[in-house]
Amino acid sequence: MLVSQSSLYPANADAASERALLERRARLLGPTYRAFYRNPIHLVHGSGVWLYDAQGRKFLDAYNNVASVGHCHPRVVEALSGQAATLNTHTRYLSEIILDYAEKLLGTVPAHLGHAMFTCTGSEANDLAIRIAQHSSGGTGVIITDFAYHGATIATAQLSPAAVGAKGVPAQHRTVTAPDTFRDHGRAANDFAKNVAAAIEDMGARNVRPAALLLDSAFSSDGIFFPDAAVMREAADNVKKAGGIVIADEVQSGFGRLGQGMWGFANYGIEPDIVTMGKPIGDGHPMGAVLVRPQLVASFGSNTGYFNTFGGNPVAAAVGLAVLEVIEGEGLIENARNVGAYTSELLRALHSRHGAVADIRHNGLYFGVELTADGDEALAATKTSAVVETMREDGVLISSCGPRGNVLKIRPPLPFARDNAEQLAETLDRALSNW
């Protein structure tokens, strides 16, 4: 049954009712559930690149890659509801649609990745990838960047210093400096492969065998960086020579976001042994996947096995197929490239207008705008947060990232258009004018 537009907006959506909703949330969900923004938004509806609150006000969504092909895309909704009304069960029964989806998804990656394994989240996908890497390599140590985020399971949280801090990373793993292309003339980016080699050497000195290099292709939590391809390939080669494998975490950078193709790792010419994905894979439906070299799971599958009750179910498969068809049918990769370039031009114009804008990093529809405050990192973080809040009040949703909290994170749904880019830039211009 369709819900009427008028019923989406509660008649009592005033300040008092919103406070009551926040109090109810705190009582029922507890302190770990943190809302975005100082003045949280009560969202009730989404369409394309737009989100609507309980008062009917619309916000330009320049942040969510979860709804990768747009909020409530009609084709995705139809696929989900149609399959849910027909059959939804698990992968231990034969199902043609699951195989159709696996075949189409595998068709987007290099041929050496021949098997698909399905999960419900990107966290689960990374967790499974680590299990496979450790089993196949015989090693335990995983190399990550020093402010990475890779998930919320025990294993992936311990590999997410952005969430647990450096002290939360177990002793067998190693963190390396993210390939920062901005500071110190990009020295960290130039030295990335050397730093990975040093981490491997340090593991060996402590009798730790390397299992994997786990990379977010856009270094999203680290501050959004796109380093030199040759250095990235060298880093990957260093790990493989040491007996480890390369895992490309495409939860943030995948599905056409970077505008050059479907996957971020391809920008570097890397051939990963495992690719993990989540969030944008299902346009908001809880899905994840691991694409892997068959030889890596031959022993793992026979000795350990893998089963996920909900991962890869027929509804998820129908949704996943629809997302891939929309990306292809609506030219969203090309749109990410073209509109991304236009958005970058608009943002770079702000660089000359506002001294607070220190650097702009971009690939497709993924942007990092680094802000500065005369060398005062704490002040820069505070003011960056204020810019995010000001833009929210002005009707545009973005966020921030990076170990210093001073990088604006801009990552809109893929149907983002030129007029949306103009609204984003104009709103950011106003917010920076208050810097």
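1. Strands S3 and S13 run parallel and are joined by two bridges; strands count as paired if DSSP finds at least two bridges between them. In S13, Leu397 is the bridge partner of Asp61. Helices (H or I, at least four residues) and strands (E, at least two) are DSSP runs, numbered from the N terminus. The model is predicted: local features need pLDDT of at least 70, side-chain atom pairs count only at pLDDT 80 or more, and totals for chains, interfaces and linings use all residues. Residues are numbered from 1 along each chain as its sequence is written, and side-chain values use heavy atoms, with hydrogens and water left out.

2. This pairing belongs to an open sheet of four strands in the order S1-S2-S3-S13, with mixed pairing. Strand S1 (43-47) and strand S13 (396-397) are the edge strands, each pairing on one side only. Strand S2 (residues 50-53) and strand S3 (residues 58-61) run antiparallel and are joined by three bridges. Trp50 has Leu60 as its bridge partner in S3. S2 and S3 form a hairpin with four residues between them, and Gly56 in the turn has a positive phi of about 90°.

3. A second open sheet should be noted. Seven strands form it in the order S4-S10-S9-S8-S7-S5-S6, again with mixed pairing. Its edge strands are S4 (115-119) and S6 (174-176), each of which pairs on one side only. Neighbouring strands of this sheet are turned by 20° against each other on average, direction ignored. Within the sheet, strand S5 (residues 141-145) pairs with strand S7 (residues 210-216) in the parallel sense over three bridges. The bridge partner of Gly141 in S7 is Pro210.

4. Helix H9 lies across S5, S7 and strand S8 (245-249), running at about 160° to S7. Axes are lines fitted to C-alpha atoms, for helices over the stretch in contact, and angles run from 0 to 180 degrees between N-to-C directions. Contact means heavy atoms within 4.5 Å.

5. Helix H8 (residues 192-205) packs with helix H9 (residues 229-241) at an angle of about 15°, their axes being 8 Å apart. H8 and H9 are therefore roughly parallel to each other; angles under 35 degrees count as roughly parallel, over 145 as roughly antiparallel, 65 to 115 as roughly perpendicular and the rest as oblique. The contact involves Phe192, Ala193, Val196, Ala197 and Ile200 of H8, together with Val231, Met232, Glu234, Ala235, Asn238 and Val239 of H9. These residues divide into nine nonpolar, one polar and one charged. Ala, Val, Leu, Ile, Met, Phe, Trp, Tyr, Cys and Pro count as nonpolar, Asp, Glu, Lys and Arg as charged, and the others, Gly among them, as polar.

6. Helix H13 (residues 377-393) and helix H14 (residues 418-433) pack at an angle of about 125°, with axes 9 Å apart. H13 is therefore oblique to H14. Val387, Thr390 and Met391 in H13 meet Leu424, Thr427, Leu428, Ala431 and Leu432 in H14. The classes in this contact are six nonpolar, two polar and no charged residues.

7. Overall, the protein chain comes to 14 helices and 15 strands. Its C-alpha trace spans about 60 × 60 × 45 Å along the principal axes. With 435 residues, a compact globule would have a radius of gyration near 22 Å, and the 22 Å of the protein chain agrees with this. The radius is taken over C-alpha atoms, and the globule rule is 2.2 Å times the number of residues to the power 0.38.
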